[in-house]
Each structure stands twice: as structure tokens, then as C-alpha cells.
Amino acid sequence: MRIIAGSARSVPLAQLTGKDIRPTLDRVRESIFNILSPTLDEDTIFLDLCAGTGVNALEALSRGAKQAILLDSSSESITIARANAEKTRLADRCRFIRGAIPGKLSYIATQFPPVSIVYADPPYTYPDYESVLKNLATLDMLLPNALVLIEHDAKRPLPDQVEALHQYRTQAYSHTQVTFYRNIVKQ
């Protein structure tokens with residue numbers, strides 16, 4: 001596993017091990033970040049939910065995002081994500097939080113400015129994607145037009161709309177699907 005593009009391009013990253021570990025594949029990440037590339041700039045705050053090794057947040061930072069918030073319930077994941085951030089020399093733009101979704105989202109909403117992009121990659125067996133989407137939409141933590149991406153099993157469809165989050169795109173990669181939402185805030 002490595003960073004694909006940007007300032008930390010080709011830096012190899014430490015990985016987690018275990019039968020329940022499913023990091024975002026390089027080809028999926030490359031495709032997703034090519035789609036996101038026009039939205040990644042010096043104002044982008046990227047929230048990585050179920051961050052694991054931190055590869056998605058580090059990819060966003062490498063490609064120009066301002067800051068990344070990495071949330072994971074595993075202390076081992078946070079330790080590896082910190083080490084990977086140091087290795088890529090992007091640690092000064094990362095904030096690491098140990099906790100579970102959706103519960104820890106209210107803490108993030110009160111401690112950080114609104115985010116531009118959320119990438120959530122919970123285990124495929126995660127029981128309640130809709131609750132995560134609802135919390136993201138109602139906690140006043142998203143900028144208008146913020147993007148929320150959920151990586152999930154392609155056999156498990158997600159809702160078309162949750163509160164102000166409207167699904168506008170899906171990308172399928174074999175057994176993996178990424179569903180894109182936009183925060184459509186009525187003026």
C-alpha cells in the first residue's frame with residue numbers, strides 16, 4: 001500500500017493485519033481521488049471515518065487538502081495511522097481521534113470547523129450506514145455542498161437521500177462500491 005499521487009507520491013505505508021481488515025485498494029483509491037481531485041485544495045478539510053491506516057486521509061493531504069481528521073475505534077489503527085502520517089511528512093496537518101461512529105461525530109462537530117469531504121470506510125458488516133449519514137447531515141459539521149463518500153459492499157444499496165445528503169453518483173469496483181452524497185442545503 002502506498003500514496004498514489006501528490007507530495008507524498010509512492011511513499012509505502014505500514015498496514016494493519018487480520019482477517020477483518022480490508023484497506024481501500026490502490027486502484028479504487030486512485031479512481032476515487034481522480035474524481036475528487038478538482039475539490040481538493042488549500043481550504044479542504046477531509047474527515048476520514050474508520051480511518052484504519054490513514055491512507056485515504058493521507059492521499060487527500062498529499063493531493064492538496066488543508067487538514068485531515070482521522071477517526072478510528074482501534075488504538076492499533078490510530079498508532080499505525082500516526083506512523084504513516086510521520087512517514088509521509090503530513091502529520092502536522094492531521095488530527096487523530098479514537099472513537100466509534102456515529103457517536104464520536106458530535107465531538108468532531110464541536111471541536112473542528114465544518115468539513116468539505118467525508119470518506120467513510122466501515123467494515124462491510126457495519127449495521128447502520130443511515131445513522132452515520134443522518135448524524136453527518138444534522139450535526140452542523142458539513143459545509144454546504146460538502147461531499148460524503150461511503151465505501152461499502154456492492155450488494156448492499158444505500159438510501160438515495162438522508163436529510164440534506166443527496167446521492168448523486170456510485171462507482172462500482174467488483175465487490176466494492178463507493179456511493180457519493182452531496183450536502184444540499186436549502187437557502
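Two strands pair if DSSP finds at least two bridges between them. The views below come from a predicted model.

**View 1. Strands S6 and S7 pair side by side in opposite directions.** Strand S6 covers residues 161-162, and strand S7 covers residues 165-173. The two run antiparallel, joined by 2 bridges. Find Val162: its bridge partner in S7 is Leu165. The hairpin of S6 and S7 has 2 residues between the strands. Here Glu163 takes a positive phi near 55 degrees.

View 2. Strand S8 spans residues 176-183. S7 and S8 pair in the antiparallel sense over 8 bridges. Look for Arg169, which stands opposite Phe180 in S8.

**View 3. S2, H3 and S3 make a right-handed β-α-β unit.** Strand S2 holds residues 67-72, and strand S3 holds residues 94-98. Helix H3 is made of residues 75-88. S2 and S3 run parallel, and 5 bridges join them. Within this pair, Leu71 stands opposite Ile97 in S3.

**View 4. Helix H5 has several buried residues.** H5 runs over residues 129-138. Which of its residues are buried? They are Tyr129, Ser131, Val132, Leu133 and Leu136. Buried means under 20% relative accessible area. Asp140 follows H5, and its phi is positive, near 55 degrees.

Technical notes: Residues are numbered from 1 along each chain as its sequence is written. This is a predicted model: local features need pLDDT of at least 70, side-chain atom pairs count only at pLDDT 80 or more; totals for chains, interfaces and linings use all residues. Side-chain values use heavy atoms; hydrogens and water are left out. Helices (H or I, at least four residues) and strands (E, at least two) are DSSP runs, numbered from the N terminus. A crossover is right-handed if, with the strands pointing away from the viewer, the path from the first strand over the helix to the second runs clockwise. Buried means under 20% relative accessible area, exposed over 50%, partly exposed in between (1.4 Å probe, protein chains only).
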